[in-house]
Amino acid sequence: MKRLPAAIAVLSSLLFGAGVAAAEYEQLTRNFRDYYLSRNAPSSSRRFVVEQNALELARSLKADGSWADVDYTDQTRGGWRPYLHLSRLTSMVRAYRMPGGSQTASPELKAGIHKALGHWLEQDYQCLNWWYNQIGVPMAIGEIGILLQDELTPDEHELIVNKIMPRAKIGMTGQNRVWVASNTLVRGLLMKDGSLVREAADAVGEEIRVTTSEGVQPDFSFHQHGPQQQFGNYGLSFAGSASMWLRIFSGTPFEFPQAKLDIVHDYLIEGQNWVVWRGRMDLSSCGRQLDEGCQAGKGRSLAAIMQRMSEVDPARADEYLAFVNRNRDAAANDLVGNRHFWRSDYMIQRGANYYASVKMCSRRVIGGELVNSENMSGYHLADGALLVHRTGRECEDIQPVWDWQKIPGTTAPQRPDGPPRLRKRYNIDSDFVGGASDGRIGCATLDFNRDGLRARKAYFFIDDVIACLGAAIQTEASAHPVVTTVNQCLLAGDVWAGDGQESRKLSRGEHRLEGPVWIWHDGVGYVFPAGSEATLRIGEQRGSWRKVEDKPAVSAKEIGRDVFLLTIDHGIEPAGADYAYLVVPHGATPESMPQRIDASSSVRVLANTPGLQAVASADGAVVEASFYEPGELGLGRTQEFAVSQPCVAMLDGTREATRLTIADPTQKLREIVLPLDGRTVTLPQDGEAGKSVQIDLPNRSFKTE
């Protein structure tokens, strides 16, 4: 990217601000037009269809410039129906301005555009939800204004820049601030007001930062509406806006410095890059936007952003395009490892052929929100949700038929009327939530405390196996049974079960299974040790999309889909209940599963008590442990490992010197002492509190027995 010398940039800005025509105004406007038209450019085979659709929209307008099928009286806060008018108008303007299109000079389409624009400007529709008035409507009107510009009548121009768009006043935080600043910048372009463009550009640039308030976090997750993980909602919009302005400002005095470009790069590659599998965004990253097609739609949006960034940041194009390529149909996955987002209580494990995530919350981190009737059933979505994918379609559009009290990985009371409605947002009453990661494997831990239910839960990612342990499960004065859900996904093919001696294909219906037992479905295996009990239900579940979003535009029609549902029942008022099971997401077949019952060929449970949960790899060379209190872990013979404070720790004995990875889930400690050798581990602070620390123990070697 070329940069004008600072003095020239300042001079140009001053002249532009004084109302003198400036080359940078023309360049910005040209860049903006190119961005919108290239972003929405149809393929050559669809050009005719797009143009004909635009003409049909123009021909279907009523005499007053409205459409008969749009409910202009609607005041729904989310999915506001009058906004459809602006969406249609925008598509007409894009077709009219499409380079090389046959309608670029169409009198009929032009007349329809001004007719529809005039109707909106005259009626000035406003929503009860501020977002549409300050962000959504000015954004659409601004794009229309930029694309039409010289063809706007004086009255249209006046109403756009002095009535509609001034409602977007620079303020707020995070992506909301980026949106209103972006709208203000477009208004400045339409008014040829350089000082307003500069003010807005500065406001956008200020939000491209790493912060512990709303925005990009030190771990490259994204927060909005408080400390709440928002990869697929506000965070995806932020990625889109940042990449847009990086492109539009390119080659102008407003171009962002390299440091801003680096932040966007790191957010995309170290953050967003991890949450899409096989072209579909993890449901646990989608926020409250869980509508039909959300996973694939958000995956496509992120792919378009990565493609754009490959052009904006060509020196690192291969990193952005790697995302695009690995998320094509049947592409190989080349992003493998473990990523712990300590600011968001969120862990991801990616194998060559599987994806798994654990979403939690705490006193620090908000678990979810219900806003504008979106996420109506998401009461348990951050209570330790463990989602496992191979194809990426395991939970695609399962939302209407999901039993929302049985989110995979969670331990929850089963109320007869379903989960309560969130009042708005929620946390759990616990600080000990977090994990340790060495970049290859990891352990997520959750001292769960909500609605009178307590449970100590840990998820160990080790040797392409997920070991799930629960202990100290208890409730008081509750009439509701408590259930841990192993998985609830769409049924895909046969289900097999066995006990190490014989195997059988299971029929539809409900099955009660006693360990030791293994279950196999859709390429994933589940192993329950001796003494455990599980319930498997195979069959149809029914529901409607109104369970997800309670809006007039959302269908209330009941639909049915076949579901695989595997649970562990702890009964009513459990006192000290526990569970243990393994998930085998890679290399599992009905033929290979029997050997998983043999402890010598599987991840081994070393401890599952209220104070300590720990596992070891099959060969004993790797140990992962969640210490809920200071203590020791015996590793066989005379070997042991001890810590002075509650923590999460991993020992990797596959190296010449044993590697220790350790983290403080409470994010309150400054150090942890290892009593056996007197070593003190200094822990990260401030925005990096909760991040893992790795140290080598040169005089320690071990192998569990």
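**Exercise 1. Determine how the lining of the second largest cavity divides into nonpolar, polar and charged residues.**

Solution. Start with the residues themselves: the second largest cavity is lined by Q228, Q229, G287, R288, K359, G367, G368, E369, N375 and L381. A cavity here is a set of points, on a 1 Å grid over the protein atoms alone, where a 1.4 Å probe fits but cannot get out, and lining residues have an atom within 4 Å of a point. Next apply the classes, in which Ala, Val, Leu, Ile, Met, Phe, Trp, Tyr, Cys and Pro count as nonpolar, Asp, Glu, Lys and Arg as charged, and the others, Gly among them, as polar. The result is one nonpolar, six polar and three charged residues, around a volume of about 60 Å³, where a volume is the space filled by probe spheres set on the points and grid points are joined across faces, edges and corners.

The model is predicted, so that local features need pLDDT of at least 70 and side-chain atom pairs count only at pLDDT 80 or more, while totals for chains, interfaces and linings use all residues. Residues are numbered from 1 along each chain as its sequence is written, and side-chain values use heavy atoms, with hydrogens and water left out.

**Exercise 2. State the volume of the largest cavity and the classes of the residues that line it.**

Solution. The structure holds seven cavities of 30 Å³ or more, and the largest cavity has a volume of about 80 Å³. Its lining consists of L283, S284, G287, L290, K359, L381, A385, L387, W402 and I407, which by class gives seven nonpolar, two polar and one charged residues.

**Exercise 3. Describe the second largest pocket by its space, its central residues and the elements that line it.**

Solution. The elements that give two or more residues to the lining are β19 (509-514), β22 (533-543), β23 (559-572) and β24 (575-584), strands being DSSP runs of E with at least two residues, and helices runs of H or I with at least four, numbered from the N terminus. By class, the lining has eight nonpolar, four polar and five charged residues.

**Exercise 4. Decide whether α4 and α6 run roughly parallel or roughly antiparallel.**

Solution. The axes of α4 (residues 83-97) and α6 (residues 130-148) come within 9 Å and cross at roughly 20°, axes being lines fitted to C-alpha atoms over the stretch in contact, with angles from 0 to 180 degrees between N-to-C directions. α4 is therefore roughly parallel to α6, since angles under 35 degrees count as roughly parallel and those over 145 as roughly antiparallel.

**Exercise 5. Work out the relative direction of α12 and α13, and list the residues through which they meet.**

Solution. The axes of α12 (residues 294-312) and α13 (residues 317-326) come within 8 Å and cross at roughly 160°, and the two helices are therefore roughly antiparallel to each other. Contact, meaning heavy atoms within 4.5 Å, joins G299, L302, A303, M306, Q307, M309 and S310 in α12 to A317, Y320, L321, F323 and V324 in α13. By class, this contact of α12 with α13 has nine nonpolar, three polar and no charged residues.

Definitions and conventions
Angles under 35 degrees count as roughly parallel, over 145 as roughly antiparallel, 65 to 115 as roughly perpendicular and the rest as oblique. On a 1 Å grid over the protein atoms alone, a cavity is a set of points where a 1.4 Å probe fits but cannot get out, and a pocket is an open set with protein on both sides within 12 Å along at least five of seven lines; lining residues have an atom within 4 Å of a point.
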